[in-house]
Amino acid sequence: MSQVEVGAAGPTGGAGFSAAARAAVDALLAPVDADLARRYPGDPGTRQPVHTVYVPADAFTADTVRTWGRRALEAFDTHAGTPAELARALGLADDALLADVHARVRAKLEREPVEDLRIDFEDGYGARPDAEEDAAAVRAAELVAAAVADGTAPPYVGVRTKCMEAAVRDRGIRTLELFLTTLLAHGGLPAGLVLTLPKVTYAEQVTALVRLLADFERAAGLPSGRIGFEIQIETTQAILGPDGRATVARMIEAAEGRATGLHYGTFDYSASCGVGAAYQSMDHPVADHAKAVMQVAAAGTGVRLSDGSTNVIPTGSTAQVHAAWKLHHDLVRRSLARAYYQGWDMHPAHLPTRYVAVYSFYREGLAAAGARLAAYVAEAGGDVMDEPATARALSGYVLRGLDCGAVDPAEAAAATGLDRARLEALAGR
């Protein structure tokens, strides 16, 4: 077969598409190209924490992260001090993989027990006198600034204020203003600053926060768009509007590029659907429906997803702790398989099973993912014929394992034959 020659007169030198027709196509699609680039910029290329820890503002201290780590280690050593005991607790095979994960999780709890911390002024804090909440907002910012300055802050940290509903709107805005202005006065906004807007029901509430943040940035001389925020999905109105449209997609649009995440609120959302307390869970059908809508709405936008939490706390006898751990571990694994790479943890004793689930997920699939990536890059084929989209997913999987510490750089390089820069290029970061 001869090679096709493309020229001004067409591919074969005869009839073809005219320059005018091609120019008309470009003109027609230029607005679409711009809209695609604006709405669907792809992954932001930064680390995503594997969890978020919520701590009531009045319970937050300079030692909160260390305390959570210490308590998590105590629970781990007491109730799963060996790989064999961990295997019995979670119903896993007592093998070399689990032994490796056990050691790595223990080291993680010593080194970086909390990846993302949210100081809570909403449900976990409740209604307080204004003077008390004012002081707590200032104190929280001062403690965060000090932790950032001395290197003890988790990679991501911020606040959840009260929502934009009329009854608490002014209080939430006041708390946010005090927190941000105090941070500015004590060294500036941390690189890992995260804000959470809860109980969103209308896109206009997102717009309201966008306008407030834009006003703050102008007054403070900050770059436009410097401050982003998460949208917490806790109400049915955030998923389906009265006109039948997927409201969450409108909320992402209303954020004007500031939305960093969608966080599913297990218990508020379940309750709003009328689910009884005994059946409110991350794996209930109403949760799966809501999260599926969130997932499609966020796809390609650069807005990341977080699952919710379980409220079954691993405390009491070893049998009780093991039962709670198995529930938590299995729910986290379920979320990971469904591409929810982040979730909430409500208690220090949830941290061991968070990291066991996450580390096992990334370590057990590393060899297969590495082999497929190596074959893709070498164009060598193999048992599976992967396409660029799958190569992005495979490299993203390896990078997530690297980011949380489940996989070492040398292991990733050995498995894939690629360094981090090449992995990031394949992942579209």
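Helices here are DSSP runs of type H or I with at least four residues, numbered from the N terminus. The model is predicted.

**Exercise 1.** State which helix holds Arg354, and decide whether Arg354 is buried or exposed.

Solution. 
Step 1. Helix α12 covers residues 350–364, and Arg354 lies in it.
Step 2. A residue counts as buried when its relative accessible area is under 20%, and as exposed when that area is over 50%.
Step 3. The relative accessible area of Arg354 is 4%, so Arg354 is buried.

**Exercise 2.** List the residues that Arg354 touches, leaving out those up to four places away in sequence.

Solution. 
Step 1. Contact requires heavy atoms within 4.5 Å.
Step 2. With that exclusion, the partners of Arg354 include Val50, His51, His328 and Val332.
Step 3. Arg354 also touches Gln342, Gly343, Trp344 and Asp345.

**Exercise 3.** Find what share of the chain's residues is buried, and how far apart the centres of its positive and negative side chains lie.

Solution. 
Step 1. Buried residues make up 47% of the 429 in the chain.
Step 2. There are 41 positive and 53 negative side chains.
Step 3. The centres of these two sets are 1 Å apart.

Methods. Residues numbered from 1 in each chain as written. Predicted model: local features only at pLDDT ≥ 70, side-chain atom pairs only at ≥ 80, totals over all residues. Heavy atoms only, no water. Buried < 20%, exposed > 50% of the residue type's maximum accessible area, 1.4 Å probe, protein only. Lys, Arg positive; Asp, Glu negative; His and termini not counted. Charge placed at Lys NZ, Arg CZ, Asp CG, Glu CD. Helix = DSSP H or I, 4+ residues; strand = E, 2+ residues; numbered from the N terminus.
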